[in-house]
Amino acid sequence: MTSISLKVNGKAYEIEAEDDIPLLWALRDHVGLVGTKYSCGIAQCGSCTVLVNGVATRSCVMPAKSLGDAEIITIEGLAENGGKSLQEAWVEHDTPQCGYCQAGQIISAAGLLKSNPNPTDDEIDTAMKGNVCRCGSYVRIKAAIKTAIKKGGVIA
Amino acid sequence: MTKINLSRRGFIKVTGLAGGGLVLGFHWTGCTPVRPAEAAKVVLEPNAYIKILSDGMVTLMSPVPEIGQGIKTAIPMIVAEELDVSWDNVSVEQAPLAPDLYKRQSAGGSQAIRQLWTTVRTAGAAGRRMLMEAAAREWKVPIAELTTSEGVISHEKSGNSIGYGDIATKASDIEVPEEVTLKDPKDFKIIGTSPKNVDVNDIVEGKPLFGMDMKKEGTVIAMITHPPAFGMKPKSVDDSAARAIPGIKDVFTITTFPEDIETRWSGNNAFPELVVVTGESTWNVMKAKKALKIEWETVTPGENTEDHITEMENQISGKMTKPDRIDGDPEAAFKKAAKVIERTYSAPFLPHNTMEPMNFYANVTGDKIEFEGPTQTPQRLRDITAQIMGIPEENITVNILRAGGGFGRRLYGHYGVEAAMISKKINAPVQLIYTREDDMTQGTYRPDYRVRYKAGIDADNNLIALTVSGTGTNGGPVASNRFPAGAIDNYAAKNYRLKSNISTGAWRAPRSNFIAGAEQSFLDEVAEACGKDPMDFRMELFERAKNNPVGEKNDYDPDRFIALLNLIKEKCDWGNEGEGIHRGISAYYCHNSYIAQVIDVEMKDSKPVLKKAWCAVDCGIVISLDGAKNQVEGGIMDGIGHAMYGNITFNEGVIDQQNFDKYRLIRHGEGPETIETHFVDNGIDPTGLGEPAMPPVPGALANALYRATGKRLYHQPYILELGETEIKLG
Ligand code: FES
Ligand code: FES
């Protein structure tokens, strides 16, 4: 066990966990933020996506202790960190079906818009390709991203 | 307007409530009082579906598990409609398992809306009637002079009006109505609209909603390890390395489904013997699970994909004996035919791959069990647990949580039983979590299937004979009385089955998810051989089934099919698809709903690109319009993804694809860019939509890809037939 410090949604946390714990489980089991989801554990589905210094990152394979004082934003902190228009667009298009993948989808979209505020359709597809939606809500996710861009995108 | 006589149906009973409220429970097996969630604010509970609060707000209970099909929005919409309240004043809560109060609490077979339609309308109407009676008594006017709108009762003559919240306190001694009148569908204000999914805000904000998210005080994390191959069981366990990992509490073996117990289908499980690790946190337990050294022994021989294909091919080859249905004399007709076409179609096992892996919470204390988690059939979970663990059903509670996908996977309750057995063993509340690998290699797969179609065409290009023989693991896919039965003079159908030690289960639209695509691909090829337009050809067959049906038991309504095809024909402007667009059509009936689809494909750099999907739906009255469209869109993506890429293969019982790095799911940019859905407006009582939109998809896709590439597709995953040598990740 080791002591790991994390900065999540603007707050500092000090957790006692295994040395090799991935950020995903540090968040879910130690910080107590469960909006970030487990689905594959091997960086293949995007359910666990968080922003690390503004970059969409698969938390299931990211060692927590490697993060130092990096700014981590999870779905719980997205609204206060420039992502409200995305969440509102998601609601407007009534995007989710089961909803399980959607936190990861929204965070990936936020990462995309932070680096590329006006992506083309192909750029959206490429950036979002790592996020699986088993319910197949892809058409709505894309429409929601475009709506969010129209309404101001992601304010970094 | 429909009148429902309540006393005759005998399912409403009044029960006094402490605190002056009133419960009008829907009692099927007896009388169980319900307690309002917040006694202070709930002033009337006319029945188990409705809580009226003093401020006029209404809480509606949703009895059916929500798995992404939108039922938690749709059922309360129906209650709210008949109760006649504004949707803005409604909040929705998930009801726990309470079969005494709710008729059916199962998300399966796309049946919830269809089977609860009258029940929940009646619940809403009964609540409205009781409030009106209280107002009539208060104002001393005949109830017939009262009207309601958006939660307000009005008496036009006197100018009186009162909100439900205000009159509710005075309705507590009102008798349950003997008879209620249901609305005329033309007066519906909520049904047919598009409110947002009731959990959408919580979902986009990342609120804890799912089984995986629940953290209860003192809960121990548990994981299982099942054998690496079907046909195996654990022999011995060396747990020294696992136990050395900090935070690990225990390692042991459990037998969840003892051999002397014959479980129901919902107890289906290929791996009754499991090795369990328990510990303080998920990551510790995952690591300990990896550190286990387990020796396995073979109970039954491990199987191979190739052997399944060979055996199935043998079953469907040769002469059909004892068909499940026969009309006319197909063999004689084939001899007379000018052309005979014979084609074979197949598809592999598919895992459900819900994004939220299997998980469940159980707390066993003495002879009581408290369950919580995602399940499609809480009642079946309770049944099998009671049976296996010998705990009385009434001592088992199940709190139903929103499920991160179902697709049939959560109809099987083994993980719940496992959680309960682990909890009993360690004497603590347990949260059991499957890893993706546990989940994907556990079986309960959509069966692998193989089917052979044969058609005879006469010199005038009429289809005069058709036979179909099919097989699949644990059961064949052929529905012998469905279309095209009834439309062809000489017809025969037969199912075979392959026995296997790999477990199979219900997977979104069981059997239909394969046979619809095979049938609709075959009919497309037959239409071509007849020199007919595929739309006209299908229409001709439906007309035949309508005007002069063959046989008695035809399990579909040709009129509804005809209306459906006319709708899609008009909407997609059939025949005028434009330069460079290649179209495929498909239509199928299952789970009481009718679906037609057209898929448009364009060639880009000599690769097919899916441009657009059109869908016509006849599911009767549509409850939640945008929610229904969302289901259709999901079904189309699901159908395309699995037909193109889905593939589970196995070697000596070991599954080759254990996680998403080896198993390709459809991803962004791979489905159609646009999906347009239209509904037949026929006012027929509603049927379900969780499953029916998926089955026709592989057919429409194969037919469109044929026109685009010149290649007919017979064997899923299609990607391998389109020239790829392996399934690369997207
Ligand atoms: S859980 Fe991290 S990518 Fe799937
Ligand atoms: S909404 Fe269910 S997985 Fe995306």
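A nonpolar core is taken here as a set of buried Ala, Val, Leu, Ile, Met, Phe, Trp, Tyr and Cys residues joined through side-chain atoms within 4.5 Å. In this predicted model, the largest such core comprises 131 residues. The residues with the most contacts inside this core are A:Leu6 from chain A, together with B:Phe371, B:Ile422, B:Ile599, B:Ile640 and B:Leu701 from chain B. Apart from neighbours within four places in sequence, B:Ile599 touches B:Ile640 and B:Leu701, and its contacts also include B:Leu610, B:Ala613, B:Val697, B:Ala700 and B:Ala704. B:His582, B:Arg583, B:Gly584 and B:Lys612 are likewise in contact with B:Ile599.

Chain A is assigned two domains, domain 1 covering 2–77 and domain 2 covering 79–150. Their centres, taken over C-alpha atoms, lie 20 Å apart. Domain 1 of chain A contributes 19 residues to the contact and domain 2 of chain A contributes 16 residues. About 1400 Å² is buried between the two domains, with carbon and sulfur atoms giving 57% of this area. Of the area that domain 1 of chain A buries against domain 2, 33% comes from A:Leu51, A:Ile75 and A:Gly77, more than from any other three residues. On the domain 1 side, the elements giving two or more residues to the contact are strand 3 (49–52), strand 4 (55–58) and helix 2 (75–78) of chain A.

Between domain 1 and domain 2 of chain A, zero salt bridges are counted. Eight residue pairs, both members at pLDDT 80 or more, are in polar contact between these domains.

Notes. Residues numbered from 1 in each chain as written. Chains lettered and ligands numbered in written order. Predicted model: local features only at pLDDT ≥ 70, side-chain atom pairs only at ≥ 80, totals over all residues. Heavy atoms only, no water. Buried < 20%, exposed > 50% of the residue type's maximum accessible area, 1.4 Å probe, protein only. Contact = heavy atoms within 4.5 Å. Domains from an automatic or database assignment. Buried area = accessible area lost by both parts, 1.4 Å probe. Salt bridge = Lys/Arg side-chain N within 4 Å of Asp/Glu carboxyl O. Polar contact = N/O pair within 3.5 Å; in protein donor to acceptor, adjacent residues only side chain to side chain. Helix = DSSP H or I, 4+ residues; strand = E, 2+ residues; numbered from the N terminus.
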